[in-house]
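Here is a short tour of one protein, meant to be read with the model open beside it. Please have a viewer ready and follow along.

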Amino acid sequence: MAFAIPQTLGKAPSSLGSFKTLWMINCRFPYRLSCRKHIYWTPVCNLITSVKNEKVKLVRALANTSYRRTSKKIVCEGLRLVSDALKRGLKPDFILYSDDVFQSASFRHYFSEQLFATPVAWKTTHDIMASLSDSVTCQGIIAVFEQPCDNMPSQPDLVLVCDRLQDPGNLGSLLRSAAATGVDGVIISPDSTDPYSVKVLRGGMGAHFAIPIKICEDWKWFLQVVQDLGISLYLADSNAEQSHYQLDLREPLAVIVSSEAHGPSTFVKQLDAHRFKIPMRNAMESLNVAVAGSVFLYEVLRQREEKIGIVGFGNFGQFLAKTFVKQGHKVIGTSRSNYEVEAKSLGALYVPTTSDLMEQDPDVVVFCTSITSTRSVVESFPVDTLRGKLVVDVLSVKVYPKKLLLELLPQDADILCTHPMFGPESGRYSWKGLPFVYEQVRISDQVRCETFLGIFSSALCTMIPMSSELHDSYAASSQFITHTTGRMLAKLNLQSTPINTKGYESLLGVVETTCKDSFDLYYGLYKYNPNAKLELEKMEQALQALRKELETREALDAPNKD
Ligand code: NAP
């Protein structure tokens, strides 16, 4: 892979066609960096050439654990880590980079607009960068961030507690496994290695930005934090009677892993924890702590895995299936059309009929059908087979399916009405921060329901419990108005112009995203949200009122002209 760094200095052309553009601040002279079809116009920054520069001194000072703790700042080195932190929304205090960054093999993957589209990137020399770098081959990029937020969720499902882990490599690996298995938070005991040291950050591969890590600086506080979780505790102990395979790990729990060299601390021994062992052969006595912790966490994941049936395997059904499969769940789809090929490519199973689907004995059945067809689909469903199952709908209106499911499903089927307020466009790269609205209409198996909701919370959606009635009143004035505006503007056949304003660009964006959804979906929003008709009337009245305002003003202006 070759990257050209043109040496010629010059002005950016007024039109860059399809090329992505970005400018860095503090520029004296712009120059162009090209990478295949991406061209980055980066002015040369005020070059930092002195080791006495305040930023350089700060990076050096942050190598010290106690300074990191008091300043609440962290140093990330390397394209991958810096890019991960930015992607997860961390705001950099500043980024230092040298020309080395453009030679890295990871350049194309991680050098993205967001990396340098920040007013805090500063260029420095290779020598300064190398002196700050902790790795043998310096990648040419180091950033200082605020320490990520350490707030634990109020009702965690899965927590990792690290008891006096002193090896940075082990802690980094454990954090990585914790993030991958959907742990809600990590608690670090006193006398542990600092999770924000360069080595642990490197080993964590971005885990630090995905899950909250609470560092307890004294034992009293540590015990308080662990006890306040209010969930069952599990402690690895090679002398325990039960192996982790014999435990029911579906309820919320925290697993404690202790130092290999010293075993559980006296404080941890005071906790009322279930002890478990991990089976070992060949007379091996112990596992590496990161391996033991990961093995346990993956057993939790396995026990919490759900078999999810999706009815309506169209655009949105497939979009959801992709994440369900990625998170380790088994997905079986069925639909009116044949989606065997699509299902296979997603790692899901496709079956032709709803009876075939129920023969697979799914734990959860999700209705992803169009709003308009859902009644007929549920009416023709073998609803008796839904007894004891969790039935979920994802329709963009909520009162309608709630009433429908209450009317047509057997009493002993659980009902969860949801609206993921995003789709294949807005949620293409990440679901982070995207709203997921839900109402637990009738739930008897709370653990199963929480596990299903956990798919969305661990994908970092903003979870919003809300009544279906309130959802529909909000959605009529937000979602329906957005779709109506998009479709109305589409009828004007708006074109991009060479002088687009930001506002006009946004309007074009609204047209594009709303018109990508099926007309069926839009019609469903109109027909099955009881508030939509009123909103449409209000929009028409607003247009008329606006027109009248203009005409009145024009009439007033007329004599002045004369
Ligand atoms: P859609 O046009 O609303 O629904 C398409 C799905 O409905 C397909 O699976 C289709 O099956 C099925 N379907 C349509 N008519 C049918 C009929 N007469 N009998 C049986 N099945 C029928 O488009 P969508 O985007 O995939 O949305 C699916 C659901 O998700 C909708 O309820 C929508 O409100 C909700 N939702 C969508 C989004 C989004 O961004 N798209 C976001 C949140 C929620 P075949 O393909 O097999 O014909």
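Predicted model: local features only at pLDDT ≥ 70, side-chain atom pairs only at ≥ 80, totals over all residues.

Residues are numbered from 1 along each chain as its sequence is written, and side-chain values use heavy atoms, with hydrogens and water left out.

**Overall picture**

The secondary structure comes to 21 helices and 20 strands; helices (H or I, at least four residues) and strands (E, at least two) are DSSP runs, numbered from the N terminus. Overall figures are gathered here.

| Property | Value |
|---|---|
| Buried residues | 48% of 562 residues |

Buried stands for under 20% relative accessible area, exposed for over 50%, and partly exposed for values in between, using a 1.4 Å probe and protein chains only. Among contacts (heavy atoms within 4.5 Å) between residues at least 6 apart in sequence, 73% join residues at least 24 apart.

**Cores**

A nonpolar core is a set of buried Ala, Val, Leu, Ile, Met, Phe, Trp, Tyr and Cys residues joined through side-chain atoms within 4.5 Å. The largest has 49 residues, and those touching the most other members include Phe 145, Leu 160, Val 186 and Phe 296. Helix H11 (residues 289-303) gives the largest share of this core, 6 residues. Beyond its neighbours within four places in sequence, Val 186 is in contact with Met 152, Leu 160, Cys 162 and Ile 211, among others. A second, separate core of 33 residues includes Ile 310, Phe 324, Leu 416 and Phe 436.

**A helix pair**

How do helices H18 and H19 cross, and which residues meet? The axes of H18 (residues 468-491) and H19 (residues 502-516) come within 8 Å and cross at roughly 105°. These axes are lines fitted to C-alpha atoms over the stretch in contact, with angles running from 0 to 180 degrees between N-to-C directions. The two helices are therefore roughly perpendicular, a term for 65 to 115 degrees. Residues of H18 including Thr 482, Gly 486 and Leu 489 meet residues of H19 including Leu 507, Val 510 and Thr 514.

**Single sites**

Asp 127 is found in helix H6 (residues 126-132) and, at 60% relative accessibility, counts as exposed. The C-alpha atoms of Asp 127 and Ser 98 are separated by 9.0 Å.

Conventions:
Parallel < 35°, antiparallel > 145°, perpendicular 65-115°, else oblique.
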